[in-house]
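Please look through the structure below before reading on. The text after it goes from the overall layout to single residues.

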Amino acid sequence: MPGFEFNGKFYETDDDGYLVNLDDWSVEVANYIAQQEGVEMTDAHWEVVNFLRDYYKEYKIAPMIKILIKEMKKMFGPEKGNNAYLYQLYPAGPALQACKIAGLPKPTGCV
Amino acid sequence: MAEEITTTEEKTVDKDIAALLTSPPKRAPEPTPELTGKIVKPKIVQGAAAHYKPHVAKPEIQEKLGFPGTLVENWQEAAVAKMRELLGKYKSLQVYMDICVRCGSCTDKCQYFLSTRDPKNMPAGRAELFRQVYRKYFTTEGKIFGKLAGAVDFDLSLLAEWYSYFHQCSQCRRCSLYCPYGIDTAEISMAAREIMDSIGLGQKYTNEIIGKVHELGNNLGMNEAALRNAIEFVEEEIEEDTGVPVKLPINEEDAEVLLVTPSADFFATPHLESLVGYAKVFHQAGINWTLSTTAAEAGNFGMFVGSYYHMQKIASRIKQAIEELRPKRLVVGECGHAWRVAYAFWNTLIGPFDMLNQKYPRPQHICEFTLDLINRGALKIDKSANDEFVVTFHDSCNVARATRMGDKPGGQFDIPRELIKAVTNKYVDMEYDTIRERTFCCGGGGGLLTDELIDVRVKGAMPRMQALHNVMETHGVNFMALICAICKAQFTKIMPKYGIPMEVAGGVHQLVGRAIVLGAKE
């Protein structure tokens, strides 16, 4: 079974390292996954992660990128509410990195 | 002694099976092929692509689809039995097994061979993996002379090769175009996957998605609330942008048109921009239309795994939506393989469409639908809205080689181009060998659009990237228009690796949407 050990506990993931159980997520685990991804979590990173988690709780899927970017406009102002800033925060992309750190399953389909 | 040997052998077999079912550790990304401006026939490198392998589907994914959860114990026997069934059921497959004369026409036609240089990615090399087993169990010379007659035991190492190389085929059928006998390697690859599913060796990406469609009605797994939220968001965006309240009706009964489009259009960028385009077309033409929350998916991954059963089950949601909502026309959004399923299979799977208006194609492609409205003056177009773009068009493999649009031969090539030219001022085609029926696959079709195959996808895109890069250099092209959700996802992801910005890829209806003048009629 794929997964990782952290603080003496085993966390089950899918083959790409995404947490299988939404409830396994914690700030510490998120920090650990971010570290593995080479992402240093700042307040802006957390804002994105928290928004993703809230959206997922309501809709059982991550939001489309445009919804996320619109939210970022509200959070960080118009000059940072764009795709470029999102990729600056999460260089491997919002689905690949932000969702992974937020403990959400990877959106999959023709996306 | 004998017992001990058996145990060791069994242990080795167990280890081989475990290796087959497990994903290899994540590797560093391989270097992106260089853009030299030319697509050249490469020198062969044996086994260069042998390490690529998609994740194997877990038992819960497999069982939901009615496949064995994991590799069955008598898998070899079961695989041969399934092959027998398919050879009997599909005469084409039987013919393809027997008629290859090894002329070599196909060898340099596959984007995966051109970029990986592995001879098992030559179409005939790939098919040979299947033919070796066929000869062994179904031909007299193979049964008697074995290896001398090109017959090989279907053992675990050959099965591992099947799993690897039949998932390095995007079923784009470029090879079949150049085969003097018309051998369709895509069909062989579909049969191989069908056989592997039947023995419990399925691909995670495709099969998980098939499960999601069965459960929720779309590939992404969006429930109704998520779908409605996304659609409302698009309505708000259009109104903010244009000041015009363009609606995207949901589950409206008795509408003129039911639009079935890939669910990526409700989620991903740049897909969403085409959805905006469709909505503006309907709005401005004054045509009542609707989306359906239960049939919010044009895609049909059942085709990728050769499963007629799943293809039909997925398509049946559309039939049900037609019965419930009673639209007069059925229009399909920008999706390559979906248009193949819609154009070539829907009539058999869920037809005949007696309940639809017989004056119109059933189904009709959105490009044909929109072009017809423009030609009849039903839409006011301002081409200058796209003046920042020099546009080229990538023919999607499934649309190009498996379908048609409109009522003239070649409509699937001409209609999207005419539509682009009707909404832009600057259009350039890519080089002859890479367009129309000769088009290359984007590199991500046929169930390959998954992250663990990223190296295969980057390489597979190489021929298209060469051709695109050339027109970018020579003609200043900065927009490659697409009519496929997979192409859009694949290109936005891999183009940056070739130094091409992701914004260069976008939908045909993205251009249409920008050029439509809302609120005014001619």
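This is a predicted model: local features need pLDDT of at least 70, side-chain atom pairs count only at pLDDT 80 or more; totals for chains, interfaces and linings use all residues.

Chain B has an average pLDDT of 96, and 98% of its residues score at least 70.

Chain B falls into two parts, domain 1 (2-202) and domain 2 (209-515). Their C-alpha centres are 31 Å apart. Where the two domains touch, 34 residues come from domain 1 of chain B and 35 residues from domain 2 of chain B. On the domain 1 side, helix H2 (59-64), helix H5 (111-116), helix H9 (174-178) and helix H10 (185-198) of chain B each give at least two residues. By class, that side of domain 1 holds 15 nonpolar, eleven polar and eight charged residues.

The two chains also meet, with 29 residues of chain B and 15 residues of chain A taking part in the contact. At least two residues of the chain B side come from each of helix H11 (204-216), helix H12 (224-242) and helix H21 (485-494) of chain B. The largest share, five residues, belongs to H12(B). The chain B side that touches chain A consists of 17 nonpolar, nine polar and three charged residues.

Which elements do the buried residues of H12(B) pack against? They pack against helix H2 (43-59) of chain A and against H13 of chain B. The buried residues of H12(B) include Ala226(B), Ala230(B), Val234(B) and Ile238(B). An α-helix has 3.6 residues a turn, so residues three or four places apart point the same way. Just after H12(B), Gly243(B) takes a positive phi of about 80°.

Is His271(B) buried or exposed? His271(B) is buried, because 30 other C-beta atoms lie within 10 Å, and 20 or more are enough to count as buried. Apart from neighbours within four places in sequence, His271(B) is in contact with Ala264(B), Asp265(B), Ala485(B), Lys488(B) and Gly507(B). His271(B) and Cys487(B) are 216 residues apart in sequence, yet 10.0 Å apart in space, C-alpha to C-alpha. In the loop between strand E1 (257-260) and H13 of chain B sits Pro270(B), which is joined to Thr269(B) by a cis peptide bond with omega about 10°.

The strands of chain B come next. Four of them form an open sheet in the order E2-E1-E3-E4, with parallel pairing. Strand E2 (289-290) and strand E4 (364-365) of chain B are at the edges; each has a single partner strand, so one side of each is left without a neighbour in the sheet. Strand E3 (residues 329-332) of chain B pairs with E4(B) in the parallel sense over two bridges, and Val332(B) stands opposite His365(B) in E4(B). Pro363(B) is in the loop between helix H15 (336-350) and E4 of chain B.

Strand E6(B) has partners of its own. E5(B) and E6(B) run parallel and are joined by three bridges, with Met480(B) as the bridge partner of Thr392(B). E6(B) also pairs with strand E7 (residues 505-507) of chain B, in the parallel sense and over three bridges; here Leu482(B) has Gly507(B) as its bridge partner. In a regular strand the side chains alternate between the two faces of the sheet. In E6(B), Phe479(B) and Ala481(B) point one way while Met480(B) and Leu482(B) point the other way, and all are buried.

E5 and E6 of chain B also take part in the packing of helix H18 (residues 411-423). The buried residues of H18(B) pack against these strands and against helix H16 (366-375), helix H17 (397-402) and helix H22 (508-515) of chain B. Among those buried residues are Phe413(B), Ile420(B) and Val423(B).

Finally, Asn7(A) has a positive phi of about 50° although it is not a glycine. Asn7(A) is in the loop between strand E1 (3-6) and strand E2 (9-12) of chain A, and counts as exposed because it has 9 C-beta neighbours inside 10 Å.

Technical notes
Residues are numbered from 1 along each chain as its sequence is written. Chains are lettered from A and ligands numbered from 1 in the order in which they are written. Domain bounds come from an automatic or database domain assignment. Two residues are in contact if their C-beta atoms, placed from the backbone, lie within 7 Å. Helices (H or I, at least four residues) and strands (E, at least two) are DSSP runs, numbered from the N terminus. Ala, Val, Leu, Ile, Met, Phe, Trp, Tyr, Cys and Pro count as nonpolar, Asp, Glu, Lys and Arg as charged, and the others, Gly among them, as polar. A residue is buried if 20 or more other C-beta atoms lie within 10 Å of its own, exposed if 12 or fewer, and partly exposed in between; C-beta atoms are placed from the backbone. pLDDT is the predictor's confidence in each residue, from 0 to 100. Two strands pair if DSSP finds at least two bridges between them.
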